[in-house]
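Grab a pencil and open the viewer.

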Amino acid sequence: MASATLLVMKLDQPVPKFADVLAAQERIRGKALKTPVLSGTALDQVVQAEIFLKCENLQRAGAFKFRGAWNAMVQLTPEEQSRGVIAYSSGNHAQAVALCGKLLGTKITIVMPDDAPQTKKTATEQYGAHIVPYNPKQTRREEVAAKLIDQHGFILIPPFDHPQIVAGQGTAALELFDLVGILDTLLVPCGGGGLLAGSALSAAMRSPHCQVIGVEPELADDAARSFRSGRLHRVVNPPTIADGARTESLGQIPFDLIRRLVADIVTVPEQAIVDAVRYAFFDLKLVVEPSGALGIAALLSGAKSATGRVGILISGGNIDPQVMTACLD
């Protein structure tokens, strides 16, 4: 029964178009922050290119996830909102959904791994959400959520495999292009693929010749494998420091868009991610979580060369003090 509930939700979802990103931009106006774009930084000289950093680490709830969560949740009917919303997340989507629930007056339940960063757990609870912990080594979060949906009738807002989530995430790149114009390359962190797919939709219309490149950890390289083989691969509970990229596979909706619109997906080793977090802190004066630093890691490590005008989406800044300390040592 639980699996059937989730299957119906997926089958009913269309693949979003650029018009959906534009509509999302209107829905989030006045709710999501129009985050700053940093340019002319020390990174330009290091990689010998003109770099534009879209700072979603300064977004509400500390990551780009607020965009998609608001775009999806504000479209729920009053009856759906009254049933309560459930989401599963290692942290950033959890915080975003919890904050949206607080703003909309909707009860929120979050299925969260017991090894999620404490800062993300604390923030999610402070926004008023109820956390249901699970052990990712023993249980799949989708199964936990499905049981709770069957028991309580909650409405699922998944972290990436949802058209309105993808459309909402695409507004970050849309803002970047509208501010700085045409880019040669756009580097985007990749976990479940929602941000990458939405960014590719915006790039295709605003900067058609821009190469959109996904970046993920070597230890969580399901997206790179999927991109090259043309079929979804899974990496279960990958042991990467980039907790936002620990999703076991791309979502089907993002994957459909990624296959059509993304130029490549590259991977970076753990040390490169740590080095990028450190570089962002000391040289760019930015607090960036490991997942958010993947684009910077790709450039500094040489996983992707930089030429011309390069955009980097810094996806989030929610990092535990212990992880930051380890990265800075």
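**Exercise 1: helix 12**

Work out which residues of helix 12 are buried and what they pack against.

Solution. In helix 12 (residues 252–261), the buried ones are Ile253, Pro254, Phe255, Leu257 and Ile258; buried means under 20% relative accessible area with a 1.4 Å probe, protein chains only. Next, look for their neighbours: the buried residues of helix 12 pack against helix 9 (163–180), helix 10 (194–206), helix 11 (222–229) and strand 9 (264–268).

Before you go on: this is a predicted model, where local features need pLDDT of at least 70, side-chain atom pairs count only at pLDDT 80 or more, and totals for chains, interfaces and linings use all residues. Residues are numbered from 1 along each chain as its sequence is written, and side-chain values use heavy atoms, leaving out hydrogens and water.

**Exercise 2: helices 6 and 7**

Describe how helix 6 and helix 7 pack.

Solution. Start with the geometry: helix 6 (residues 92–104) meets helix 7 (residues 118–126) at about 10 degrees, their axes 8 Å apart. The pair is therefore roughly parallel (angles under 35 degrees). Now the contact (heavy atoms within 4.5 Å): helix 6 supplies Asn92, Ala94, Gln95 and Ala98, while helix 7 brings Lys120, Ala123 and Thr124. Sorted by class, that gives three nonpolar, three polar and one charged residues.

**Exercise 3: strand 8**

Is strand 8 mostly covered or exposed, and which strand does it pair with?

Solution. Strand 8 (residues 211–217) is mostly covered, with six of its seven residues buried. Five bridges tie it to strand 7 (residues 185–189), and the two run parallel; pairing takes at least two DSSP bridges. One to find on screen: Leu186 has Val212 of strand 8 as its bridge partner.

How values were computed
Axes fitted to C-alpha atoms, helices over the stretch in contact; angles between N-to-C directions. Helix = DSSP H or I, 4+ residues; strand = E, 2+ residues; numbered from the N terminus. Parallel < 35°, antiparallel > 145°, perpendicular 65-115°, else oblique. Nonpolar A, V, L, I, M, F, W, Y, C, P; charged D, E, K, R; others polar. Buried < 20%, exposed > 50% of the residue type's maximum accessible area, 1.4 Å probe, protein only.
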